[in-house]
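Good morning, and thank you for coming.

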Amino acid sequence: MTTRGVLYVHSAPRALCPHVEWAVAGVLGGRVQLDWIRQPAAPGTWRSEFSWQARPGTASKLASALRGWDLLRFEVTAEPSPTAEGERYSSTPALGIFHAVTGMHGDILVPEDRLRAALARSASGETDLAAEIAKLLGKPWDDELESFRHAGEGAPVRWLHQVV
């Protein structure tokens, strides 16, 4: 069984780019060469996208391989497969890493124990329920990464092959 996914490196300093390629190659088990273009949202950094196909669980391995670099902004997605739900990882220097399970339409699936914990923190006055739900859905990461997601000049165009 395999699944497909995409690695989005939203910003990386030039010196880090070959290390990202080596980390991805180590996870995928073969040589990887990413096409790097300048990231206009953070001058002096570079961005890249890489489509991959591998066993379910590869998205978590990619995110783990990349999460140690503080200057790196990235996302890794994996499509659902017959044996596994989809996944999404987002990482920023300020927020760290976010993980979500995704359904077949890309919706974030929040486990009931995480919802119960959010309700309990809200009921105790520790936090606001809306803020807790926003964190469960990855909103702080989306907010920080949104300006980096917009394609800059020369960014690759991704054609959709399947309509759901």
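In which strand does Arg88 lie? Arg88 lies in strand S5, which covers residues 86-92. Helices (H or I, at least four residues) and strands (E, at least two) are DSSP runs, numbered from the N terminus.

Before I continue, a word on the source. This is a predicted model, in which local features need pLDDT of at least 70 and side-chain atom pairs count only at pLDDT 80 or more, while totals for chains, interfaces and linings use all residues. Residues are numbered from 1 along each chain as its sequence is written, and side-chain values use heavy atoms, with hydrogens and water left out.

Let us stay with Arg88. Is this residue buried or exposed? Arg88 is buried, because its relative accessible area is 12%; buried means under 20% relative accessible area, exposed over 50%, and partly exposed in between, with a 1.4 Å probe and protein chains only. The side chain of Arg88 makes a polar contact with the side chain of Ser90, at 3.3 Å. A polar contact is a pair of N or O atoms within 3.5 Å; within protein, one must be able to donate a hydrogen and the other to accept it, and residues adjacent in sequence count only if both atoms are side-chain atoms.

Beyond its neighbours within four places in sequence, Arg88 is in contact with a number of residues, including Glu75, Phe98, Asp142 and Arg149. Contact here means heavy atoms within 4.5 Å. Phe98 is 10 residues from Arg88 along the chain, and their C-alpha atoms are separated by 8.0 Å.

I turn now to the charged residues. A salt bridge is a side-chain nitrogen of Lys or Arg within 4 Å of a carboxyl oxygen of Asp or Glu. By this rule, how many salt bridges are there? The count comes to 12. One of them joins the side chains of Glu75 and Arg149, at 2.8 Å from N to O. Glu75 lies in strand S4 and Arg149 in helix H5 (residues 139-149), so this pair ties together parts that are 74 residues apart in sequence. Glu75 counts as buried, at 6% relative accessibility, and Arg149 counts as partly exposed, at 25%.

With Asp142 it forms a salt bridge whose closest N and O atoms are 2.8 Å apart, and Asp142 is partly exposed, with a relative accessible area of 22%. Glu146 also forms a salt bridge with Arg149, the closest N and O atoms being 3.0 Å apart. Both Glu146 and Arg149 lie in helix H5, 3 residues apart, about one turn of the helix. Salt bridges that share partners join Glu75, Arg88, Asp142, Glu146 and Arg149 into one network.

Next, the nonpolar residues. In soluble globular proteins, nonpolar side chains tend to be buried together. A nonpolar core is a set of buried Ala, Val, Leu, Ile, Met, Phe, Trp, Tyr and Cys residues joined through side-chain atoms within 4.5 Å. The largest such core in this model has 25 residues, and Leu7, Val20, Trp36, Trp52, Leu72 and Val76 have the most contacts inside it. Strand S1 (3-13), helix H1 (17-28), strand S3 (45-54), helix H2 (58-66) and strand S4 (73-78) are the elements that give two or more residues to this core. Which element gives the most? It is H1, with 5 residues. Not counting residues up to four places away in sequence, Leu72 touches several residues, among them Val9, Val20, Leu66 and Pro93.

Finally, consider a residue in a loop. Gln39 is placed between strand S2 (37-38) and S3, and Gln39 is buried, with a relative accessible area of 2%. A polar atom of the Gln39 side chain lies 3.0 Å from the backbone nitrogen of Ala41. Leaving aside neighbours within four places in sequence, the contacts of Gln39 include His10, Trp46 and Phe148. His150, in the segment after H5, is 111 residues from Gln39 in sequence and 9.5 Å away in space, C-alpha to C-alpha. His150 counts as partly exposed, at 49% relative accessibility.
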